[in-house]
Structure formats: structure tokens, C-alpha cells
Amino acid sequence: MAKYCVRRFLEMVLTLFLIATATFFLLEAVPGDPLTQRADKLQPQARERLYERYGLDKPMMERYVLTMKDMCHGRFGESFVYAGQTVSGLIHDRLPVSARLGLQQMLLGVTVGLLLGILAAMKRGTIADYLVVGLSVLLISIPHLIFGLMLQKIFAGNLRWFPTIGWPSGKDLWFGGWKYTVLPTLTGCFSYIATYARLLKTSMLDVINQDYVLTAESKGLSRGAVIRKHILRNSFIPVMTQLPMSVAMCITGSFFIESIFSIPGIGQYYVTAVNNQDLSIVLGETVLLALLYIVVLFITDILYVVVDPRISMPGSSR
């Protein structure tokens with residue numbers, strides 16, 4: 001187990017290095033630079049000082065080496081577009097907003113999706129099964145943008161049950177201002193419901209016909225015990241594979257949802273940084289997103305062993 005963890009840690013470091021390197025050179029390959037518009041309005045000497053301040057006066061390879069060194073110390077530099085803004089400041093100010101929104105969406109969507117998946121699998125071939133499948137297809141087919149605008153118009157515009165835009169801040173950032181979070185949460189949870197309902201239903205139908213399930217039923221175990229101990233536990237392997245992407249995406253936010261409801265999260269800022277060629281911000285957020293994915297994938301590998309006793313870590317004895 002220890003050897004496996006060390007090997008995975010080294011793989012994580014190498015993966016992050018490769019992602020950071022690829023991101024740096026891809027951004028460098030884009031024509032122009034983020035200071036062009038600002039520099040065109042300045043005198044030659046002021047323009048030189050501006051480029052010197054952000055290190056763009058140096059050759060590309062020298063800037064790459066300096067960037068990698070700073071990244072190893074957790075520094076990604078200052079924003080090229082918004083003076084004084086740094087990746088650490090961005091994470092401190094905006095990541096909690098996106099994290100709360102994403103976690104609410106995921107918890108609600110995954111919970112409802114799993115319950116509907118169980119219902120569809122246990123009632124296969126009935127009207128309940130057809131309704132779940134039809135609902136899943138509908139929810140996965142309609143973009144977040146359409147759902148958000150529809151909910152905003154009906155429940156905020158016509159009925160006035162909830163605010164149209166905004167997000168709780170200050171002491172209410174994590175556990176207050178619920179009326180602002182209802183519509184954005186519903187908008188984002190629909191895709192989770194559709195994905196996990198279909199995924200768990202398919203997995204359960206595959207497990208139901210396995211020999212060990214038939215053996216458990218023949219031994220006289222109750223239907224509930226068979227479902228809990230044998231069907232559900234083994235059906236959750238595909239779900240555990242899907243969860244890393246859901247967790248990482250829920251933390252980094254959703255651009256369309258944050259735009260519709262004017263939510264000051266990290267997702268909208270990331271796309272703005274890409275459009276503005278804000279190199280340091282894009283690099284920092286890309287590495288952050290990659291780190292989240294890699295860490296969650298590692299945790300998922302550990303959870304595989306918990307969910308399925310047939311799986312063991314390399315080097316461990318069963």
C-alpha cells in the first residue's frame with residue numbers, strides 16, 4: 001500500500017508538470033500578448049517598463065523556467081489584465097462561491113439520480129421505469145443555459161419566489177442566503193440526476209443477473225438484504241468511476257450558470273482569463289483543476305477497495 005501511494009504521488013507530480021508545461025506553450029503559441037492593448041497607449045519607455053514588470057521582455061524559454069520555479073513554490077504571478085489580482089487571491093475570493101454552488105448541485109443531483117436509478121432498476125419494464133428513462137433523456141438533452149433562463153423567468157420573474165440574480169456573501173457565504181442558491185442549484189443538478197439515474201440503473205440490471213445474486217436469493221435472504229449487500233454494493237463501481245469528474249467540476253464551477261445568475265465564482269473568471277490571454281491566471285487555474293482531478297482519482301482508487309472487496313491495491317495481500 002505504501003509503495004502504491006508513493007508511486008501514485010510521483011505520477012501526480014509528473015502529470016501536473018506535463019499539464020503546466022503544455023498549458024504554458026499553448027498559451028505562448030497564441031498570437032499577440034495580454035499587454036498589447038494597454039501598451040499601445042503608452043510611450044515607448046513606459047511600454048518597456050510594463051513588459052519588464054510582467055517578465056514578457058525575456059525570451060520564452062527563460063520565462064518558462066522562471067514560471068516553473070515559481071509554480072513549485074505555489075506562485076503563479078500577477079494577473080496581466082487586472083492589476084493586483086493573483087491566483088491565490090482569486091482562489092480565496094471566488095473558489096468558495098463556486099464550491100458551495102457545485103457541492104449543492106452535486107449532492108442534490110447525485111442523491112436524486114441514484115434514487116431514481118434504483119427505482120427504475122427495481123421496477124424495470126413498468127411505467128416508473130419508462131418515466132425515469134424519459135426524464136433522464138430530457139434532462140441530459142437540454143443545456144444548463146436553457147434551464148437557467150426558464151427557471152429564472154418563471155420562479156424569479158413571474159412568480160417572484162426567488163431573487164433573479166445574486167449570491168450570498170460575508171457570513172452567509174456557506175450557510176446562509178438560501179433563497180439566492182435555489183435556482184442556480186436546480187439548474188445545475190439536472191445533469192447529475194440524468195447521468196447517475198441512467199448509470200446506476202444500467203449497472204444494477206447487469207448485476208441482478210449475476211450468479212452470486214441468484215445464490216443469495218436461493219439461500220433465503222430477503223429482497224432488501226440482497227439489494228443492499230449484493231446488488232447495490234457491486235453496482236456502485238461505475239458510479240465511483242464517474243464521481244471524480246463530478247467532484248472536480250462541482251468545485252471549479254459552471255460558467256453558464258454563474259453568468260446567468262451573476263454569481264462571482266471561479267468558472268466565469270476562468271473563461272474571461274482565457275479570452276484575455278491572462279497567462280498567469282489561466283495557468284494557475286488549469287493546474288488547480290488538474291490537481292483536483294488527480295487527487296480525486298487517487299481517492300477513488302482507494303474507495304474501489306471499500307466498495308468491492310474483490311479489488312485489492314497493488315502489493316497488498318488479501
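Predicted model: local features only at pLDDT ≥ 70, side-chain atom pairs only at ≥ 80, totals over all residues.
**Aromatic contacts, helix packing and backbone features**

Tyr64 is buried, its relative accessible area being 12%, which places this residue below the 20% limit used for burial. Tyr64 belongs to helix α4, which spans residues 60–72. Its ring pairs with that of Phe25. The two ring centres lie 5.0 Å apart and the planes stand at 35°, so this pair is classed as tilted.

A pair of aromatic rings is described by the distance of the centres and the angle of the planes. Phe24 is buried at 8% relative accessible area, whereas Phe25 is partly exposed at 29%. Taken together, the ring pairs join Phe24, Phe25 and Tyr64 into a cluster.

A contact of another kind involves Trp178. Arg100 lies over the face of this tryptophan, at 4.4 Å from the ring centre. Attention then turns to helix α5, which covers residues 87–122, and helix α8, which covers residues 178–208. Two packed helices are described by the angle between their axes and the distance between the axes. Here the axes come within 5 Å and cross at roughly 35°. The crossing of α5 past α8 is right-handed. Of the residues that make up the contact of α5 with α8, 23 are nonpolar, eight are polar and two are charged.

Leu114 is a residue of helix α5. With a relative accessible area of 15%, Leu114 is buried. The C-alpha atom of Leu114 is separated by 7.6 Å from that of Ile193, although the two residues are 79 apart along the chain.

Cysteines come next. A search of the whole structure for disulfides finds zero. The accessibility of two cysteines can be set side by side: Cys72 counts as exposed at 68% relative accessibility, while Cys189 counts as buried at 2%.

Most residues other than glycine have a negative phi. Arg160, which is not a glycine, has a positive phi of about 60°. Arg160 is located in the loop between α7 (144–158) and α8, and its relative accessibility of 68% makes it exposed. Ser262, likewise not a glycine, has a positive phi of about 50°. Ser262 is found in the loop that runs between α11 (255–260) and α12 (266–275). Its relative accessible area is 41%, so Ser262 counts as partly exposed.

Note on methods
Residues numbered from 1 in each chain as written. Heavy atoms only, no water. Buried < 20%, exposed > 50% of the residue type's maximum accessible area, 1.4 Å probe, protein only. Phe/Tyr/Trp six-rings, centres within 6.5 Å; stacked < 30°, edge-to-face > 60°. Helix = DSSP H or I, 4+ residues; strand = E, 2+ residues; numbered from the N terminus. Lys NZ or Arg CZ within 6 Å of the ring centre and 35° of its normal. Axes fitted to C-alpha atoms, helices over the stretch in contact; angles between N-to-C directions. Left-handed = near helix turned anticlockwise from the far one by under 90°. Nonpolar A, V, L, I, M, F, W, Y, C, P; charged D, E, K, R; others polar. Disulfide = S-S within 2.5 Å.
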